[in-house]
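Here is a briefing on one protein chain, arranged by topic. Please keep the sequence and the structure open while reading.

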Amino acid sequence: MERKLELLSPAGDWERLEMAVAYGADAVYLAGDTFGMRSFAGNFSPEELRRAADLCRRRGVALHVTCNTMPRNQEVDRLPQWLAWLEDCGVTAVILADVGVLALAKRYAPSVKIHISTQASIVSYQAARAWHDLGADRVILARELTLEEIAEIRAKTPASLEIETFAHGAMCVSYSGRCLLSNYMTGRDANRGACAQPCRYQYALVEEKRPGEYFPVYEDEKGTYIMNSRDMCMIDHLPDLIAAGVDSVKIEGRAKSAYYAAIVTGAYRHCIDDVLAGRPLDPVWRAEVEKVSHRHYSTGFFYGQPGQFTQDARYIRDWQVVAEVVSCDQRGLATASLRNKFAQGDAIELVGPDVRPVAFTAPMMADETGAPLEEPRHPQMKFQIQLPCYAPPHSFLRACRENS
């Protein structure tokens, strides 16, 4: 296939930004410390955002900054200064959902591209056309669309309008993030970046005159999951996304770990490259999305209604990071930083940017003085370890929980 398919990865803070870039993202999306929809991600101060823009520029990675809350009257006066700062930093695009923000962006950040957030719930070609007429360069479609609907939007909108869609990660049980449940139950506004995810709670029935006496609505012994949703995973269906006319596939997860940002980005990077080169997917990379913390996977709405999933709401966490590679020589002698407990003789696995996963047995290690070390014991401590091959910085050592 000749078409380019952009891989857009989450960067909730500086560490996750570095991981996404190192593991092959074409573009990253992040938030400043205001106007973003993930207030519990680390996010970026103005000066950190400038550093992020410089890093992305050096690495040839596009930088998309979210400004996709719905600002209230008391916040609007701060928008011109923020948008002008994005212009000055040289970010590639601003992600917005409010027509007032769009008007200000055109005035105060004229060289920054306009991407319309999934918060705008674009589900038709007419809505996409209207945003394009207002100056949008890209629309990020609602998650509730099928591939056929996406293809029709592509066919009936200007070729200059780019189409982006989520391809991997958590899905909201509401309509593209318009849920009010968190607001009512916890006072945290889902549409202003503070969702408490009450849809994930385990519910039981309480009768008014019997306080403290619970009547579970059984679907399993832990309760009911009437609003539960699976995670989206389209890594096996990238050709279908391309055929539908998608220009960019987005990985959800700015609030997730640096390991998640790295591994999922790397998996999609290699699989996209395989698809564009006409090769079958390498199962080694396909398997990587199973080695991060995730809920049961589905293909979302792309092939029709996904149906209610009532089995459980738990995360699958079969693997954990035990160390991160800080530096490594060509012989594989590495300095690593401890993340979780492991010891000499444990079965572990190395994976990194363009480093195929390789399993090996942890050897005797050494502390920073060179003294033999059977087991690193202090979080973040540096130690030396002989790896089976060269591994660049930001590579990981991980262990399967079943073997630990």
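Contact here means heavy atoms within 4.5 Å. The model is predicted.

**Glutamate 15**

- Glutamate 15 sits in helix 1, which spans residues 14-22.
- Setting aside neighbours within four places in sequence, glutamate 15 is in contact with Ala258 and Glu324.
- Glutamate 288 is 273 residues away from glutamate 15 along the chain, and their C-alpha atoms are separated by 20 Å.

**Histidine 64**

- Histidine 64 belongs to strand 3, residues 62-67.
- Histidine 64 counts as buried because its relative accessibility is 1%, and buried means under 20%.
- Beyond neighbours within four places in sequence, the contacts of histidine 64 include Glu6, Leu8, Ala27, Val28, Tyr29 and Leu30.
- Thr92, Ala93, Ile95, His115 and Arg138 are also among the contacts of histidine 64.

**The cavity**

- The structure has one cavity of 30 Å³ or more.
- The largest cavity has a volume of about 40 Å³.
- Which residues line the largest cavity? They are Tyr23, Ala262, Ile263, Gly266, Ala267, His270, Trp285, Glu288, Val351 and Gly352.
- Helix 10 (258-276) and strand 15 (347-352) each supply at least two residues of this lining.
- Helix 10 gives the most, with five residues.
- By class, the lining of the largest cavity has six nonpolar, three polar and one charged residues.

**The second largest pocket**

- The second largest pocket has a volume of about 360 Å³.
- Of the 18 residues that line the second largest pocket, Ser257, Tyr259, Tyr260, Ser293 and Val321 are the closest to its centre.
- Helix 10 and strand 13 (319-328) each supply at least two lining residues of the second largest pocket.
- Strand 13 provides the largest share of that lining, four residues.
- Seven nonpolar, four polar and seven charged residues make up the lining of the second largest pocket.

**Aromatic pairs**

- A pair of aromatic rings is described by the distance of the centres and the angle of the planes.
- How many aromatic pairs are there? The count comes to three.
- The rings of tyrosine 259 and phenylalanine 396 have centres 5.2 Å apart and planes at 90 degrees, so this pair is edge-to-face; the cut-off for that class is over 60 degrees.
- Tyrosine 259 lies in helix 10 and phenylalanine 396 in strand 20 (residues 396-400), so the pair ties together parts that are 137 residues apart in sequence.
- Tyrosine 259 counts as buried at 9% relative accessibility, and phenylalanine 396 counts as buried at 4%.
- The rings of phenylalanine 342 and phenylalanine 383 have centres 6.0 Å apart and planes at 55 degrees, so this pair is tilted.
- That pair links distant parts of the chain, 41 residues apart. Phenylalanine 342 is in the loop between strand 14 (333-338) and strand 15, while phenylalanine 383 is in strand 19 (residues 382-386).
- Phenylalanine 342 counts as buried at 2% relative accessibility, and phenylalanine 383 counts as buried at 1%.
- Tyr23, Tyr259 and Phe396 form one aromatic cluster. Tyr23 also lines the largest cavity.

**Charges over rings**

- Arginine 143 lies over the face of phenylalanine 166, at 3.8 Å from the ring centre.
- Lysine 291 lies over the face of tryptophan 319, at 4.7 Å from the ring centre.

**Helix 4**

- Which residues of helix 4 (residues 79-89) are buried? The buried ones are Leu79, Pro80, Trp82, Leu83, Leu86 and Cys89.
- An α-helix has 3.6 residues a turn, so residues three or four places apart point the same way.
- The cover over the buried residues of helix 4 includes helix 2 (46-59), helix 3 (73-76) and helix 5 (99-108). Strand 3 and strand 4 (93-96) are also among the covering elements.
- Just after helix 4, glycine 90 takes a positive phi of about 80 degrees.

Conventions: Residues are numbered from 1 along each chain as its sequence is written. This is a predicted model: local features need pLDDT of at least 70, side-chain atom pairs count only at pLDDT 80 or more; totals for chains, interfaces and linings use all residues. Side-chain values use heavy atoms; hydrogens and water are left out. Buried means under 20% relative accessible area, exposed over 50%, partly exposed in between (1.4 Å probe, protein chains only). On a 1 Å grid over the protein atoms alone, a cavity is a set of points where a 1.4 Å probe fits but cannot get out, and a pocket is an open set with protein on both sides within 12 Å along at least five of seven lines; lining residues have an atom within 4 Å of a point. Grid points are joined across faces, edges and corners, and a volume is the space filled by probe spheres set on the points. Ala, Val, Leu, Ile, Met, Phe, Trp, Tyr, Cys and Pro count as nonpolar, Asp, Glu, Lys and Arg as charged, and the others, Gly among them, as polar. Rings of Phe, Tyr and Trp (its six-membered ring) pair if their centres lie within 6.5 Å; planes under 30 degrees apart count as stacked, over 60 as edge-to-face and the rest as tilted. A charge sits over a ring if NZ of Lys or CZ of Arg is within 6 Å of the ring centre and within 35 degrees of the ring normal.
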